[in-house]
Amino acid sequence: MTGGAESSVFRAGEHAPVTPGWTCGTCGAEWPCGPKRRQLLAEYHVDRAMLSVYLGSCLAAATQDLHAPPGTCLQERFIGWLPRGRATT
Ligand SMILES: [Zn+2]
């Protein structure tokens, strides 16, 4: 256990994930919900690589929590929505 996961997303009204179901604690949609995706893009717009790392760790945790086999639609849900092709800010 490294405890390296950031806790900064767990703020009231911030569309934080509710485990183990991985639904949004604010709007109840599948996490990351639309508002959360926009928040993440705004929060990490200068460091898109870190956002990928963060979402990857969320995907790994959700895969375990939801007992989903790797490479399923969860990957699309957590990472597939990320804008691609531009590494510049
Ligand atoms: Zn939400």
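**Layout**

This is a predicted model. The protein chain holds three helices and two strands. Along the sequence, they follow the pattern β-β-α-α-α. Of the 89 residues in the protein chain, 13% are buried. Take the contacts between residues at least 6 apart in sequence: 29% of them join residues at least 24 apart.

Nonpolar side chains tend to be buried together in soluble globular proteins. Here the largest nonpolar core has eight residues: Trp22, Cys24, Trp31, Leu55, Cys58, Ala62, Leu74 and Phe78. Helix H2 (48-65) and helix H3 (73-80) are the elements that give two or more residues to this core. H2 supplies the largest share, three residues.

**Helix pair**

Two packed helices are described by the angle and the distance between their axes. The axes of H2 and H3 come within 9 Å and cross at roughly 150°. H2 is therefore roughly antiparallel to H3, as an angle over 145° counts as such. The crossing is right-handed. On the H2 side, the contact uses Ser52, Leu55, Gly56, Cys58, Leu59, Ala62 and Thr63; H3 brings Leu74, Gln75, Phe78 and Ile79. By type, the residues of this contact are seven nonpolar, four polar and no charged.

Alanine 60 is also in helix H2. Alanine 60 is partly exposed, because it has 13 C-beta neighbours inside 10 Å. Its C-alpha atom is 9.8 Å from that of phenylalanine 78, 18 residues away along the chain.

Most peptide bonds are trans, and most residues other than glycine have a negative phi.

| Site | Feature | Angle |
|---|---|---|
| Threonine 19 – proline 20 | cis peptide bond | omega about 5° |
| Tryptophan 31 – proline 32 | cis peptide bond | omega about 0° |
| Histidine 15 | positive phi | phi near 55° |
| Histidine 67 | positive phi | phi about 55° |

Proline 20 sits in the loop between strand S1 (17-18) and strand S2 (23-24). Proline 32 is in the loop between S2 and helix H1 (34-43).

Is histidine 15 buried or exposed? Histidine 15 is buried, because 21 other C-beta atoms lie within 10 Å. Histidine 15 belongs to the segment before S1. Histidine 67 lies in the loop between H2 and H3. With 7 other C-beta atoms within 10 Å, histidine 67 is exposed.

Conventions: Residues numbered from 1 in each chain as written. Predicted model: local features only at pLDDT ≥ 70, side-chain atom pairs only at ≥ 80, totals over all residues. Core = buried A, V, L, I, M, F, W, Y, C linked by C-beta atoms within 7 Å. Buried ≥ 20, exposed ≤ 12 C-beta atoms within 10 Å, placed from the backbone. Helix = DSSP H or I, 4+ residues; strand = E, 2+ residues; numbered from the N terminus. Axes fitted to C-alpha atoms, helices over the stretch in contact; angles between N-to-C directions. Parallel < 35°, antiparallel > 145°, perpendicular 65-115°, else oblique. Left-handed = near helix turned anticlockwise from the far one by under 90°. Contact = placed C-beta atoms within 7 Å. Nonpolar A, V, L, I, M, F, W, Y, C, P; charged D, E, K, R; others polar.
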